Amino acid sequence: MNTSRARWDARDLVRRLCHALIVARQVVDQLAPDGYADSEQPSNSLRPEKAISETALLLLAAESAAGQYPEVHTHVERVAQRLIPHARSERIKLALCMEPALALDYAHAHICLARLGYPDTDFDILLQQSVQAQAATGRERPPHRMLEQSWSADLWSGPGTTCRRSAGALARWSQLNLPMDLLNGHREDIYAFTHALIYCSRFNLQPLRLPRPRHLILAEAEGALARCLDDQDYDLAGELLLAWPLTGKSWSPAATFGFRVLAQVEDAAGFLPAPITRLDRLHRLQGRERQNYLLATSYHTVYVMGLLCAAALLPGRAPPIHISATGAVRGASSRIMARLDAHGAAVHWRDEFDKMEHPRQDAIAGLLLDIAMHRAVRQRDFAGLHTLLQIGYASHLADSPVASQVAEMLGRVATCHRVRPVQSAATESAAQAC
Amino acid sequence: MSNRVSHQEIVRKLLETKSIDFNAIGKTVAEIGPSVALADEPWDMFCGTMRTFLRLYILNPGIPGGGVENLGGLRNVAQELER
């Protein structure tokens, strides 16, 4: 067997997916009835509809991609049975009556459950009335949210209900078809990309055609992945990693490395954590309050890992065990690491990096360069960015969206300096760099 | 200790510094308000300047919560997610 092409053990992926499904059962039992209200940190509060809808999505992804594994199927069935009364509760039905513009949003869990083999004709009749209401079009949405509506409609009534041509047009308007702001974009901008990808690829259930060639989309994903791994933002990192298994069979060295980091963190913590879960707060709580806080602040990232493992269980989509060193530039990683070590704090990805042999470290030098440039942008270290571009160019690593956006930004800063010669330490340094 | 501060807390502390001169803001609005209201496109200006006098923007807030907690500490509570 060629070990360089060996894929991640499916049993391990199944184990990780089943863990997410076990947590999902707790989410349904504890959070689906009333959500979670956090008076101390209101941003942690959770509407029950969100927990219900995301649980249904996890079930659909798990069954679609990995339903052939008996343990996955058993867990999906178990959670689905518990989810049904919440997905079709009186509250949701009343919402369909009162807010037809959000009908497909409220009915998302019902639609997923019906697709999983748990139909409800009476609920369908009410949903039909709601989506046919005049007010059903009364909510303006960004393209990725429109793609979500299109997917929900197709899941509900079968493919072809919504015109695939118009869905394809939506994909072309989405962030999936437009370069992201990889240097200063917000988390919401990355979500727009990852969600458009999910609603376009549809977990392989009649996927739409990608609006751009796969390699261009993955190059963008890789640029954002560098930032998320370095920020230890595993929610977004996991969603970005979905780009590889949801669009094809190959994983880049950087994506393979990213998956390994997430798996290592999950193994160390017992679940893939989010930064909003604070131990000091948890230790002050007891009983149901404690359990609900832990669930509400961590379930989403746990689900993301579940979705990622489900996607990786699609035929031929598992990440490789080993990072391919083919094409790596010898010594490239050490040149960049010298700069990262000089400025960086301890991060989880570094533990995984240190375990790798030098040729494999060199294979992810492009990711390291992106990380170094993200850090330099954050510090407004324009001279450092210029040096990094030089290192990247000399190592044949500069052909990336992050590097080209950095080059554009330095060009703008240089123009700014020329047209408005107000001297400051930052612009002076940038101008000299340019 | 948590390194997070709520938005309300930031606003409260900022107000307590007395660094914002609401009288001066009010005077300015009183001076330019009538002409802005009669400008060619008063609606945008009205919404933008008359309804919201002062807004604190969060410039790219980054990831919520700060950073991920110690993985060993999280390991000690991981079992609670499953029961």
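Which side chains meet in a salt bridge with 2.7 Å from N to O, and where does Asp105(A) find its partner? Select Asp105(A) and Arg141(A), whose side chains form that salt bridge at 2.7 Å, N to O, the term standing for a side-chain nitrogen of Lys or Arg within 4 Å of a carboxyl oxygen of Asp or Glu. Asp105(A) lies in helix H5 (residues 103–106) of chain A and Arg141(A) in the loop between helix H7 (121–131) and helix H8 (143–157), so the pair ties together parts that are 36 residues apart in sequence; helices here are DSSP runs of H or I with at least four residues, numbered from the N terminus. Asp105(A) is partly exposed at 30% relative accessible area, whereas Arg141(A), at 17%, counts as buried (buried is under 20%, exposed over 50%, partly exposed in between, with a 1.4 Å probe and protein chains only).

Before going on, note that this is a predicted model in which local features need pLDDT of at least 70 and side-chain atom pairs pLDDT 80 or more, while totals for chains, interfaces and linings use all residues. Residues are numbered from 1 along each chain as its sequence is written, chains are lettered from A and ligands numbered from 1 in the order in which they are written, and side-chain values use heavy atoms, without hydrogens and water.

Next, colour domain 1 (10–312) and domain 2 (332–433) of chain A separately, with bounds that come from an automatic or database domain assignment. Their centres, taken over C-alpha atoms, are 33 Å apart, and the contact (heavy atoms within 4.5 Å) takes 23 residues from domain 1 and 24 residues from domain 2.

Between the two domains of chain A, 3 salt bridges are counted. One to select is Arg375(A) with Asp230(A), where the closest N and O atoms are 2.7 Å apart. Both of these residues are buried. Arg375(A) sits in helix H20 (residues 365–378) and Asp230(A) in helix H11, so this pair ties together parts that are 145 residues apart in sequence.

Arg91(A) belongs to helix H4 (residues 90–98) and Glu49(A) to helix H2 (residues 48–66), 42 residues apart. Arg91(A) is partly exposed at 39% relative accessibility, while Glu49(A) is buried at 17%.

Finally, the structure holds 29 salt bridges over all chains.

Methods: Helix = DSSP H or I, 4+ residues; strand = E, 2+ residues; numbered from the N terminus.
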